[in-house]
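Take a walk through this model, one region at a time.

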Amino acid sequence: MGRYLLKRLGISVLVVFLVSVISFTLVHMLPGDPAVLALGSEASEQDVEAFRKEYHLDRPVAEQYVIWIREILHGDLGDSITYSRPVTACLAERLPRTISIGLPALILSSMFGIFCGIVSAVKRGKFVDNLITFVSTIGLGAPQFWLGILGVYIFGMKLKLLPLSGYVAPSENFGQYVYYGVMPILILSFGLLASVSRQTRSNMLEVINQDYIRTARANGLVEKSVVYKHALKNALIPVITTIGLQVRVVVGGSLMVEQVFNIAGIGTLIVSAINGRDYMVVQGCVFVISVFIVLVNFVIDLLYGFVDPRVRKSWR
Amino acid sequence: MEEKILLDVKNLRTSFFTDAGEVKSVNDVSFYVKEKEIVAVVGESGSGKSVTQLSVLQLIQSPPGKILGGEVWFEGENLLTYSKKQMCGIRGNGISMIFQEPMTSLNPVYTIGNQLTEVLRAHHKNMTKQEAWKRGVEALAAVGIPDPEARMKNYPFEMSGGMRQRAMIAISVACNSRLIVADEPTTALDVTTQAQVMELLLSLVEKNGTSIIVVTHNLGLVTRYADRIYVMYAGRIVESGTTEMLLTNPRHPYTLGLLASVPKLDSDKEEKLIPIEGTPPNLAQMPEYCSFYPRCPYACEECRQKEAPVLRPVGEEGHFMACHRDVKGGKTDG
Amino acid sequence: MSDRNVTKANGVKRFFRIFFSRGWVTKICFGIIVLFVLIAVFAPVLTPWTPYEQNLRNILAGPGKEHLLGCDNIGRDTLTRLLYGARISLVTGLLSSIWAAVVGTTIGLIAGYVGGWVNSAIMRITDAMIAIPPIIFTMVLSTMVTGNLLGISIVIGVSIIPSYIRMVNGLVMSLRENDYVTAADLIGQKQLVIMFRHLLPNCLASLIVTFTMNVGTAIMLESTLSYLGVGIIPPTPAWGVMVSEGYKYLFNQPLVAILPGICIMLVVIAFNIVGDALRDALDPRLRGKL
C-alpha cells in the first residue's frame with residue numbers, strides 16, 4: 001500500500017508543480033501593464049519604476065516565477081495590487097463564503113443525484129425515470145448564470161419568496177444564511193445532480209445485466225438485496241470518480257453563481273482581478289483552486305481503495 | 001421400483017419480443033426429472049436449452065422475455081403460480097442453478113464468506129451470523145476447497161477459475177437443494193478441472209440424493225454421466241430417452257448429426273468427424289414446417305409440406321423423437 | 001465486392017435505425033440543430049431589422065406586431081438579435097471544436113503511440129490543465145483576445161483539447177495491445193503509417209461522438225464568457241451578452257434576458273442528445289465511457 005500511495009503522491013506533486021507553471025504562464029500572458037493599471041496612466045516615471053521594483057516586475061520572467069514559488073513555500077502568495085494587502089488575506093476573507101455555498105451544493109447534489117439515479121434505474125422506462133431523465137437533461141444543458149437569473153425572476157421578483165441577491169454568513173445568522181443561500185446552493189447543485197444521477201443510472205443498468213446479479217437472483221436473494229447490496233456497490237464505485245471530477249465544475253459554477261447573486265467570494269474575486277489585471281491575485285487564486293482540485297482527486301484515489309477490494313489489492 | 005418425479009415441466013413456452021419480432025426460444029417444451037436422476041439437455045447455442053431452465057426458475061429478463069404458458073410442477077406445486085417472494089424461497093433452496101462463467105458469476109466486491117452466509121441466512125431466517133459462518137465453512141469444505149476457513153475471507157478475484165467454480169457451487173448448494181441445474185458447468189474450465197467439477201456434482205447425488213440437470217452442448221461430456229438425455233433444437237425437444245437408447249439407437253437426424261460430430265475417446269477406430277452442415281435457424285423467422293429441414297440430410301418433399309413434427313414414441317419404451325421420417329442409425333426406413 | 005457493398009449498405013441502414021431508435025427525442029434534437037443552422041445562415045433574410053438598429057420609441061417594448069418578441073433597453077429588436085446570436089454560438093462552437101479535435105487528436109495519437117516518458121509527460125500536463133476549471137482557464141486567456149470571435153474560439157478550443165488527448169490516448173494505448181498493430185509492427189511498417197492507417201480509423205467513432213458533445217460544451221463556454229464580459233463584447237448580439245444586458249432590466253422586460261438562455265439551452269441539449277444517439281449508433285461499447 002505504501003508504495004502505491006507514494007507513487008500517487010509523487011504524481012500529485014508533479015501535477016501541482018505543472019499547475020503552478022501553467023497558472024504563472026497564463027497570468028503573464030495577460031495584456032496590459034499592471035503598473036499603469038494600478039497607478040493610472042498619469043503616474044510619474046519614478047512611481048512606475050518603484051511599483052515595478054516592489055512587485056518584482058522588473059526581473060526576468062523565470063526569476064519572477066522562482067520568487068513566487070519561494071514565497072508560496074513560505075505560505076505567502078504575494079500582495080494584491082489593487083487591494084494593497086496579501087493575497088492570502090483576500091483568500092482567507094472570501095474562501096469561507098465560497099465554501100459555505102459550494103460544499104452544501106456538492107453534498108446535496110451527490111446524495112440526491114445518487115438517489116435519483118437509483119430510482120431512475122429501478123423504475124426504468126416508467127414515468128419517474130422519464131421525469132428524472134428530463135430534468136437532468138435540462139440540468140446539463142442550461143447555463144447556470146441563466147438559471148440563476150430565471151430563479152431571481154420567478155422566486156424573487158414574481159413570487160417574492162426569496163431575496164434577489166446578497167449573502168449572510170452562517171456563523172452570523174444561520175436562518176438568514178439559509179434564506180439568502182438556498183437559491184445559489186440549489187442552482188449550483190443542479191448541474192452536478194444531473195451528471196451524478198445520469199452516471200448512477202447508466203452504471204446501475206449496466207451492473208444489473210452482469211452475471212453475478214443473475215447468480216444472486218438464482219440463489220434466491222430478494223430483489224431488495226440484489227439491487228441495494230449487490231448492484232449498488234458495484235455501480236457506485238465509478239460514481240466516486242464523477243463526483244471528484246465535478247468538484248472542478250462546482251468551483252467553476254460558483255464563479256457564475258457568485259456573480260449573479262452578488263456574493264463576495266473567490267469567484268467574484270477572480271473576475272474582478274482578471275479585469276483589473278491583478279497578477280498576484282489571479283495567479284494565487286488559480287493556483288490555490290487547482291491544488292485543491294488535485295488534492296481532491298488524490299483523496300478520491302484513496303477512497304477507491306477503501307471501497308474496491310481489487311484496487312486495494314493492487315496497493316500491496 | 002418406481003422413482004418419484006421431482007420436477008415435471010409441461011408445455012412450457014417462453015418468447016422474447018425483440019425489434020426483429022417474436023423469438024420463440026422455448027416452444028412447447030415438456031420434460032421431467034426423477035429423484036436422484038441426472039438428466040442432460042443437449043443442443044447448440046441458441047437452441048433454447050438455457051432459456052428453458054431460466055424459465056423454470058423464472059429468471060427471464062422481462063421485458064423483452066416473457067413466459068407465455070405451461071406448467072412447472074416441483075414437489076407438488078406449480079411454480080408458475082408462485083408470487084415473486086415465494087419464488088425467492090425456491091431459488092437456491094429447492095432448485096439451485098450453477099452458471100457457466102465462474103469468472104464473472106461471483107460479485108467482485110464482496111468476500112466469498114459474505115456471499116455464502118447471505119444466501120444461507122436468506123433461506124434460514126433464524127440462523128445467526130456465527131452459525132451461517134460455520135455452515136459456510138462446511139459448504140466450502142464439502143466442495144473440496146482446501147483451507148476453507150481462510151477462503152471465506154477471500155474475494156473472488158483472489159481465486160483461480162476452478163476454485164471460483166467450486167465456491168459458486170458451494171454457494172448454490174449450501175442450502176441442500178433437491179435439484180441442481182448446471183448450465184454449461186464446465187465450459188470455461190480446463191479439462192482436468194472439468195472432470196473434477198463433474199465428479200463433485202456426482203458426489204452430491206450420492207451424498208444428498210440431489211437430482212441434477214446438466215445443460216450443455218458437449219454431448220461427449222454427458223454420455224458418461226447422464227441417466228437420460230433431452231436433445232433440443234430451435235426451441236423444441238426433438239428427441240428424448242435414456243442415454244443408452246440415444247447412443248445406440250439415435251432416431252432423429254439432428255441427434256445423429258450431433259453424435260457424428262463428437263470424437264469418441266473410447267473407440268480405437270479412426271472415425272471421421274462429420275460437422276452438421278449449415279447454421280442454427282433464425283428463431284424470429286421460423287417456418288411452419290420442420291425447423292431442421294434446411295440442414296437435414298434426410299429431408300424430403302413431404303417434410304416441407306407437413307407441419308412441424310411433434311414428439312412421438314419410437315422403438316423402446318421411453319424413447320421419443322420428433323421427425324416425420326424414421327431414421328435408424330443413418331438408414332432410412334419406410 | 002458486391003457482398004461488401006451490401007454489408008456497407010446494411011451498416012448505414014443499421015446506423016440510422018439505431019440513431020433514431022430513441023424515438024422522437026433524437027429526431028427533435030436533430031431538427032433543432034438543423035433549424036439553428038438554417039437560422040444562422042439565413043438570419044438577414046428572416047428579419048426586416050438589423051441587430052444594431054436602435055429605436056428609442058420601443059425601449060423595452062413587449063411583444064407586438066412589429067417586434068414579435070419585443071425590444072431591449074435601447075430599442076433593438078430582440079428576435080433579430082436572437083437570430084444573429086445563433087451565428088456566433090454555432091461558429092464559435094464548431095470552430096473551437098474542430099481546432100481542438102485536430103490538435104488534441106494529433107497529440108493524443110503521438111503520445112499514445114510513442115509511449116514511454118513522452119506519453120507520461122503529455123498526460124501529466126493534461127492532468128494539470130484539467131485541474132484548472134475551464135471557465136477560469138478560458139477567462140484568463142480570453143483577456144488576450146478581447147472580444148474577437150476567432151480569438152475566443154481558439155481560447156475555448158485550448159480548454160477542450162485535453163478531452164481529446166485523453167480519449168485518443170486511452171484508445172491508442174488499448175489498441176496498441178491489439179494483434180493487428182503488433183502485426184503491422186512486425187511487417188516493418190513505418191510508425192506514421194501505422195498511426196494513421198490503423199489507429200486513426202479505430203478512433204473515428206469516439207472522435208465523432210466527442211466532437212458532437214464538445215460543440216455543446218464550447219457553446220456553453222462561449223455564452224458564459226460573454227455573460228461574464230470577457231467573451232464576445234457588446235454590441236455584438238451573442239446570447240450570453242444579451243442575458244447579461246437583459247439582467248439589468250429583468251423586472252421591466254424579462255424576455256430580453258430569458259429568451260437567449262432558452263436558445264443556449266436548446267442548442268446545448270440538442271448537441272448532447274445527438275451525441276448520445278451517435279454513440280449508440282456508431283459504437284454501443286462506448287456507452288458509459290464517453
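The contact between chain A and chain C takes 42 residues from chain A and 37 residues from chain C. Two residues are in contact if their C-beta atoms, placed from the backbone, lie within 7 Å. Helices (H or I, at least four residues) and strands (E, at least two) are DSSP runs, numbered from the N terminus. Helix 1 of chain A gives the largest share of this side, eight residues. By class, the side has 32 nonpolar, eight polar and two charged residues. Here Ala, Val, Leu, Ile, Met, Phe, Trp, Tyr, Cys and Pro count as nonpolar; Asp, Glu, Lys and Arg are charged; the others, Gly among them, are polar.

This is a predicted model: local features need pLDDT of at least 70, side-chain atom pairs count only at pLDDT 80 or more, and totals for chains, interfaces and linings use all residues. Residues are numbered from 1 along each chain as its sequence is written, while chains are lettered from A and ligands numbered from 1 in the order in which they are written.

Now chain B. Four of its strands form an open antiparallel sheet in the order 2-1-4-5. Strand 2 (21-34) and strand 5 (77-78) of chain B each have a single partner, so one side of each lacks a neighbour in the sheet. Strands pair if DSSP finds at least two bridges between them. Strand 1 (residues 5-18) and strand 2 of chain B pair over 10 bridges. B:Ile5 has B:Lys34 as its bridge partner.
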